[in-house]
Amino acid sequence: AATLFIIFVLLSDIFTLYRKSHRNYLISRENAIRDPLTRLYNRSYFYDNLTRQLRTASDRQPVSVLVCDLDYFKRINDTFGHLQGDRVIQFAADVLQTHARKDDVAARIGGEEFALLLVNTTADDAARIAERIRGAVAVSDPQNLRPSVTLSLGVYTTSSPQSEAEMCVKRADEAMYQAKANGRNQVVRWAE
């Protein structure tokens, strides 16, 4: 009986250590793939998922990428300070996450630049989602910010499994810069 008791105690300790170790692993993994400020996914996780989704891209399963950037963000930081700038970034991240569906990947890929991977999403649907995100940011005024917060968004859609992640993001980024050149606070689709 004493031997069985000792074995039981040892197994219990091993199980407890395993649970703690597994929990620590999960926390470490989440911290490795998440942006610390916004809790959106980070650039590396976004690119990994985009690469995986592109392998199965087809006419029936197109992959769309949105890239968006806060307009006049430097002005917000300079006028209201970096703490308020961080709040604006968090606000935009919350809007992006709210509009992401279960299988989509919302990520912060730069300072005030975000990306959204939209799986099984046509160019028209991606543009509509981008417009909803743009509108949700534009009509809100978190913490009474002046000037108001707006986003410029670029959209790129592909159905080719030969597409490369970097090219998709580059094209969505180019469309986003076109939105900025056109006056900001708008959505532009990439066009050849």
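**Asp-35 is a buried residue, with a relative accessible area of 11%.** Buried here means under 20% relative accessible area, exposed means over 50%, and partly exposed covers the range in between, computed with a 1.4 Å probe on the protein chains only. This is a predicted model, in which local features need pLDDT of at least 70 and side-chain atom pairs count only at pLDDT 80 or more, whereas totals for chains, interfaces and linings use all residues. Residues are numbered from 1 along each chain as its sequence is written, and side-chain values use heavy atoms, with hydrogens and water left out. The side chain of Asp-35 meets that of Arg-108 in a salt bridge, at 3.2 Å from N to O; the term stands for a side-chain nitrogen of Lys or Arg within 4 Å of a carboxyl oxygen of Asp or Glu. The two partners are 73 residues apart and link distant parts of the chain, with Arg-108 in strand E2 (residues 105–108) and Asp-35 in the loop between helix H1 (2–33) and helix H2 (43–54). Helices (H or I, at least four residues) and strands (E, at least two) are DSSP runs numbered from the N terminus. Arg-108 is also buried, at 16% relative accessible area.

**Asp-104 and Arg-101 form a salt bridge with 2.8 Å between their closest N and O atoms.** Asp-104 counts as buried at 8% relative accessibility, while Arg-101, at 37%, counts as partly exposed. The search of the whole structure finds ten salt bridges.

**Arg-189 and Asp-124 join their side chains in a salt bridge of 2.8 Å, N to O.** This pair, 65 residues apart, connects distant parts of the chain, since Arg-189 lies in strand E5 (residues 187–189) and Asp-124 in helix H5 (residues 123–139). Arg-189 is partly exposed at 40% relative accessibility, and Asp-124 is partly exposed at 41%. In E5, Arg-189 is also the bridge partner of Val-155.

**Five strands make an open sheet in the order E2-E3-E1-E4-E5, with mixed pairing.** Two strands are taken to pair if DSSP finds at least two bridges between them. The edge strands, E2 and E5, each pair on one side only, and the twist averages 20° from one strand to the next. Strand E4 (residues 151–158) runs parallel to E5, the two being joined by three bridges.

**Strand E1 is mostly covered, eight of its eight residues being buried.** Val-63, Val-65, Val-67 and Asp-69 are buried on one side, and Ser-64, Leu-66, Cys-68 and Leu-70 on the other. E1 pairs in the antiparallel sense with E3 over seven bridges, where Val-67 stands opposite Ala-115, and in the antiparallel sense with E4 over eight bridges, where Ser-64 stands opposite Thr-157.

**Helix H4 (residues 82–99) packs on the sheet and touches strands E1 (63–70), E2 and E3 (113–119).** Contact means heavy atoms within 4.5 Å. The direction of H4 makes about 5° with that of E3; axes are lines fitted to C-alpha atoms, for helices over the stretch in contact, and angles run from 0 to 180 degrees between N-to-C directions. Helix H6 (residues 165–181) lies across E1, E3, E4 and E5, running at about 145° to E4.
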